[in-house]
Amino acid sequence: MVRIVAAQNILKANDQIASMNRSRFAALSLLVVNVMGSPGSGKTTLLESIAAQCANRLRVGVIEGDLAGSVDAERLEKLGLPTVQINTQGACHLDASMIATACESLPLEKLDLLFIENVGNLVCPASFDLGEDLRLLVLSVPEGDDKLVKYPVIFQVADVLVVTKADLCGFVSFDVERIRKDFARIQPTAALFETAATRNQGIEPLVDWLAEKYREKQVLRRCE
Amino acid sequence: MHELSIAEALLEQIEGELQARQLTGVVRRVEVAVGRFAGVVPDALRFAFEVLIAETPLQGTRLEIRVVDPTCSCKRCAAKMFVQEWPLECPQCCSPEIEVVGGRELLLEAIEIDD
């Protein structure tokens with residue numbers, strides 16, 4: 001009998017493609033944000049508001065991931081954003097090779113900020129590196145303030161948590177302070193924003209934060 | 001359900017290891033380590049693995065999954081703790097400052113082949 005001792009990361013192949021994506025994005029000083037959250041949490045609506053706020057400031061492109069259809073991509077295309085739709089044909093997450101392929105159809109050199117809207121899911125996307133700079137997790141008020149305790153893995157990998165539909169706080173039981181406290185414990189250095197995108201509330205501070213991250217990335221490139 | 005993608009990646013890696021070493025024997029056992037906080041359900045991974053190897057040369061291969069517990073200790077009172085959930089506070093002194101090492105592993109550790 002032969003015993004091979006490997007000790008290798010099972011997702012090595014994905015991670016290698018992710019790091020190729022990352023180098024490509026770095027060479028273009030493109031800030032790439034992986035947007036994750038449950039179906040219906042308001043990811044696309046948040047992106048619409050962010051894109052509107054970014055006009056004349058940052059050039060935004062979007063990769064949309066869904067099991068089927070192109071409803072979300074059509075919404076963002078209406079705003080004049082370069083958008084590519086990925087249909088995962090049932091898969092519950094995006095992976096790095098899907099992003100590499102989607103990038104072929106985007107004018108990356110003409111963008112400052114690329115959002116990748118992941119498949120709506122609070123579990124699976126956490127395991128797959130896409131080559132992004134930031135992981136933005138969306139949590140909507142109607143989902144409840146106990147999600148962090150129930151789905152800790154995805155919160156652990158988030159660089160920024162955006163609470164959406166904050167205008168519903170008076171109608172459903174949701175304690176923003178509980179989320180703020182729990183998230184600070186699990187991710188002490190991460191940022192948190194409260195938004196109500198349909199009322200355009202809280203979007204500006206988030207866009208300022210993204211613009212600062214974009215600026216940091218440009219500085220980093222000049223230093224290299 | 002991303003365990004199916006992970007099982008596919010695992011099979012590609014096993015095949016890659018065998019090809020690199022030019023081994024053609026029957027694979028008996030595959031050992032994998034999964035961290036408790038890796039977001040991977042061992043039973044789902046095993047199920048996906050068995051579905052994928054059915055009627056392939058790897059059929060009958062045993063998948064051994066070792067669940068890796070993270071090491072958690074309180075920075076304030078130094079209590080060591082074993083946790084199944086992400087610790088939000090120390091069970092002894094209630095401090096939120098807990099150091100967590102490991103627990104997110106997803107590793108192919110060993111392959112055993114009859115030659």
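In the predicted model, B:Glu55 counts as exposed, with a relative accessibility of 77%, where exposed means over 50% relative accessible area, buried under 20% and partly exposed in between (1.4 Å probe, protein chains only). B:Glu55 is placed in the loop between helix H2 (42-53) and strand S2 (62-68) of chain B; helices (H or I, at least four residues) and strands (E, at least two) are DSSP runs, numbered from the N terminus. The phi angle of B:Glu55 is near 55°, a positive value in a residue other than glycine. A positive phi, near 60°, is also found for A:Lys165, again a residue other than glycine, and A:Lys165 lies in the loop between strand S7 (160-164) and helix H7 (176-186) of chain A. With a relative accessible area of 28%, A:Lys165 is partly exposed.

Residues are numbered from 1 along each chain as its sequence is written, while chains are lettered from A and ligands numbered from 1 in the order in which they are written. Because the model is predicted, local features need pLDDT of at least 70 and side-chain atom pairs count only at pLDDT 80 or more, whereas totals for chains, interfaces and linings use all residues, and side-chain values use heavy atoms, with hydrogens and water left out.

Chain A contains eight helices and eight strands, and its C-alpha trace spans about 65 × 45 × 40 Å along the principal axes. The radius of gyration of chain A is 18 Å, which agrees with the value near 17 Å that a compact globule of 224 residues would have; this radius is taken over C-alpha atoms, and the globule rule is 2.2 Å times the number of residues to the power 0.38. Of the 224 residues in chain A, 55% are buried. Among the contacts in chain A (heavy atoms within 4.5 Å) with a separation of 6 or more, 73% join residues 24 or more positions apart.

Between the two chains, 30 residues of chain A are in contact with 31 residues of chain B. The size of an interface is often given as the accessible area lost when the parts come together. For chain A and chain B the buried area, which is the accessible area (1.4 Å probe) that two parts lose on being put together, summed over both, is about 2,800 Å², and carbon and sulfur atoms give 60% of it. A:Ile4, A:Ile10 and A:Arg185 supply 28% of the area that chain A buries against chain B, more than any other three residues.
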